[in-house]
Amino acid sequence: NTLAQSRGKLWFGTAADIPGTAETTDTAYLDVLQKNFGEMTPANAMKFMYTEPEQNVFNFTEGDYFLDVAEKYHARVRCHNLVWVSQLSEFVTATNWTAEALTQVMKNHIFRTVQHFGRRCYSWDVVNEALSSDGTFSASVWYDTIGEDYFFLAYKYAQEALAEIGANEVKLYYNDYGIESPGPKADAVLQLVSELRERGIRIDGIGLESHFIVGETPSLADQLSTKKSFIQANLDVAITELDVRFSEAPFYTAAGQQQQATDYYTSVNSCMEAGPRCIGITVWDFDDAFSWVPSTFAGQGGADLFNDTLQAKPAYYASAEAVEGE
Ligand code: G3I
């Protein structure tokens, strides 16, 4: 993070699954976090099922705890997320809503959450992962019930909620995977940005998740050209969930480590080369022991900058070199 800031980035950050997991009290983990990272994204604490477990019953305890830790470490926070298909409360998914009623639920959730956390958030991922790989909207309770208007309304409500509390500096982002290289999905994001702006609704930036596989990381040219296309549309961009996993064991051979280091270098470098409007880089956890990968992709792993005993890997040093511009 110190290197990244000295090169004009706002941060080099990490996701953390705090509180409620072993990370919360693991002092060795927290020490590495504090020393290396200047931004923290809550892996779970601010998601719908935790912040509004029952309709109009809000619980910001976990989100507040997360922010307390981040602030103690002088880390900024990308608040994550408001409207997504996953980790919803049962009252949302198990009710047969009318479009009007569900729109009201979404509006209430956005207003209460955004206004509670206020300017403690650097930004909000307002809508998360709304699109399929062909660029059309994915099925979700939001899309299936409200139609594509849900997307535009979510940003409108976030903008209004912030304006009401005078926190207009909090940035509004769209965050997704599969938009790191040119293609129909990245094109669709640009189209949605145009439509938001035609409706007079604010969007400030695009989060490129960047969950990659060792040896299959998109090229520097591809990653750079997509970032530049967003920047040309007057958007900030950030790498928001970078990790590079092994699709099968072993995870720690010398050759594998070297390829992973090259892959991290390429992605980090693409943000450095994209100029000041690629504002920062966030990894989706930094410690193989706490990575989300093995529980989602059986047999895969080893995706992070540190191994499962918190030793920095070649990918860590390669990332630092990319940040330094070496
Ligand atoms: O809270 C329960 C706990 O009560 C229970 O005992 C435990 C048992 O498994 O599960 C806990 O919930 C888990 C939660 O993480 C908190 O640790 C869920 O099962 C688990 O599915 C959930 O995984 C999260 C995942 O999103 C859900 O889709 C990961 O931690 C989180 O890293 C991951 O993050 C997503 C981003 O939000 C969006 N982009 C992709 C990224 C990776 O999947």
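This is a predicted model: local features need pLDDT of at least 70, side-chain atom pairs count only at pLDDT 80 or more; totals for chains, interfaces and linings use all residues.
Which exposed residues does helix 6 carry on the face turned away from its buried side? They are Glu100 and Gln104. The domain assignment gives domain 1 (1-37 + 222-326) and domain 2 (38-208).

**Helix 6**

- Helix 6 covers residues 99-117, and at 1.5 Å a residue its 19 residues should span 27 Å; the end C-alpha atoms are 27 Å apart, which agrees.
- Its buried residues are Val105, Met106, His109, Ile110, Thr113, Val114 and Phe117.
- Looking down the axis of helix 6, you would find these buried residues within an arc of 135°, so they line one face of the helix.
- Just after helix 6 comes Gly118, which takes a positive phi of about 55°.

**Helix 4**

- Gly63, Phe66, Leu67, Val69 and Ala70 are the buried residues here.
- Around the axis they cover an arc of only 160°, which puts them on the same side of helix 4.
- Turned away from that buried side is a face with the exposed residues Thr61 and Lys72.
- What lies over the buried residues of helix 4? The cover includes strand 2 (39-42), helix 3 (48-51), strand 3 (76-83) and helix 6.
- Just after helix 4, His74 has a positive phi of about 60°.

**Where the two domains meet**

- The C-alpha centres of domain 1 and domain 2 are 23 Å apart.
- Contacts link 31 residues of domain 1 with 29 residues of domain 2.
- On the side of domain 1 that touches domain 2, at least two residues come from each of strand 1 (11-16), helix 10 (220-232), strand 8 (236-245) and strand 9 (278-283).
- Sorted by class, the residues on that side of domain 1 are 14 nonpolar, 13 polar and 4 charged.

**Around the ligand**

- Which residues are around the ligand? They are Asp17, Thr21, Ala43, Asn44, Ser86, Gln87, Asn128, Glu209, Glu241, Trp292 and Thr296.
- By class, this shell has 2 nonpolar, 6 polar and 3 charged residues.
- Both domains take part, as domain 1 and domain 2 each provide at least three residues of the shell.

Methods
Residues are numbered from 1 along each chain as its sequence is written. Helices (H or I, at least four residues) and strands (E, at least two) are DSSP runs, numbered from the N terminus. The expected span of a helix is 1.5 Å times one less than its number of residues. A residue is buried if 20 or more other C-beta atoms lie within 10 Å of its own, exposed if 12 or fewer, and partly exposed in between; C-beta atoms are placed from the backbone. The arc is that of the directions from the helix axis to the C-beta atoms. A residue is near a molecule or strand if its C-beta atom, placed from the backbone, lies within 6 Å of it. Ala, Val, Leu, Ile, Met, Phe, Trp, Tyr, Cys and Pro count as nonpolar, Asp, Glu, Lys and Arg as charged, and the others, Gly among them, as polar. Domain bounds come from an automatic or database domain assignment. Two residues are in contact if their C-beta atoms, placed from the backbone, lie within 7 Å.
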